[in-house]
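Please look over the sequence and the structure, and then read on.

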Amino acid sequence: MSQQASPRGTFLKIAEVVRARIDADLRMTELPTASDLMGEFSVSRGVALRVFDVLQEQGVAERVAGSRLRVVRRGEAVDRRPLAERLTDVITSDQLPVGATFPSATKLCARFGVSRPTLAKALHKLETAGLLSEGRQGKPRTVLSLPTREESANP
């Protein structure tokens, strides 16, 4: 993209560039940060944020709590349930019996693409519901009880 100033439509041109990068790189899972766009294209924060709005409107990206905008691929099934519900499913899908060690925060952050604070809030909900023990440094969380169908739908 040229360095000439374009008073209108700059954000649309940048959105096209970002979208082309998404299409070219199937491993791309997150959009660049606003700071990255500001530096690369010499634009203001407002322009960078408008780029994100355009990509969301086009269905190319979606907001993820506690994380950068996530790339959405066509035909990709996206689980839009709350994180606490998806974490409850880990007990069932990983076939964890009562007393089993629950996956670490590091593994869960990577698995669900969320930040540690977001994960901590969801894990707290499972601890409050009595499904998991409280995790402490050096002491992993364990499964205290198996979820019922009702808990799987609404922990």
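At what angle do the axes of helix H2 and helix H3 cross?

## Helices H2 and H3

The model described here is a predicted one. In it, the axes of helix H2, which covers residues 34-41, and helix H3, which covers residues 45-57, cross at roughly 115 degrees and come within 9 Å. The crossing in which H2 passes H3 is right-handed.

On the H2 side, the contact is made by Ala34, Leu37 and Met38, while H3 contributes Arg45, Ala48, Leu49, Val51 and Phe52. Of the residues in this contact of H2 with H3, seven are nonpolar and one is charged, and none is polar.

## Helices H4 and H6

The contact of H4 with H6 is made up of seven nonpolar residues, two polar residues and one charged residue.

## Arg141 and its surroundings

Arg141 is found in the loop that runs between helix H6 (116-128) and helix H7 (149-153). Its side chain makes a polar contact of 2.9 Å with the side chain of Glu127. Leaving aside residues up to four places away in sequence, Arg141 touches Ala100, Thr101, Phe102, Leu123, Glu127, Leu132, Ser133, Glu134 and Gly135.

## Aromatic rings

Across the whole structure, a search for aromatic pairs finds zero. The ring of Phe11, however, has the charged end of Arg50 sitting over it, 3.9 Å from the ring centre.

Terms used: Residues are numbered from 1 along each chain as its sequence is written. This is a predicted model: local features need pLDDT of at least 70, side-chain atom pairs count only at pLDDT 80 or more; totals for chains, interfaces and linings use all residues. Side-chain values use heavy atoms; hydrogens and water are left out. Helices (H or I, at least four residues) and strands (E, at least two) are DSSP runs, numbered from the N terminus. A polar contact is a pair of N or O atoms within 3.5 Å; within protein, one must be able to donate a hydrogen and the other to accept it, and residues adjacent in sequence count only if both atoms are side-chain atoms. Contact means heavy atoms within 4.5 Å. Axes are lines fitted to C-alpha atoms, for helices over the stretch in contact, and angles run from 0 to 180 degrees between N-to-C directions. A crossing is left-handed if the near helix is turned anticlockwise from the far one by less than a right angle, and right-handed if clockwise. Ala, Val, Leu, Ile, Met, Phe, Trp, Tyr, Cys and Pro count as nonpolar, Asp, Glu, Lys and Arg as charged, and the others, Gly among them, as polar. Rings of Phe, Tyr and Trp (its six-membered ring) pair if their centres lie within 6.5 Å; planes under 30 degrees apart count as stacked, over 60 as edge-to-face and the rest as tilted. A charge sits over a ring if NZ of Lys or CZ of Arg is within 6 Å of the ring centre and within 35 degrees of the ring normal.
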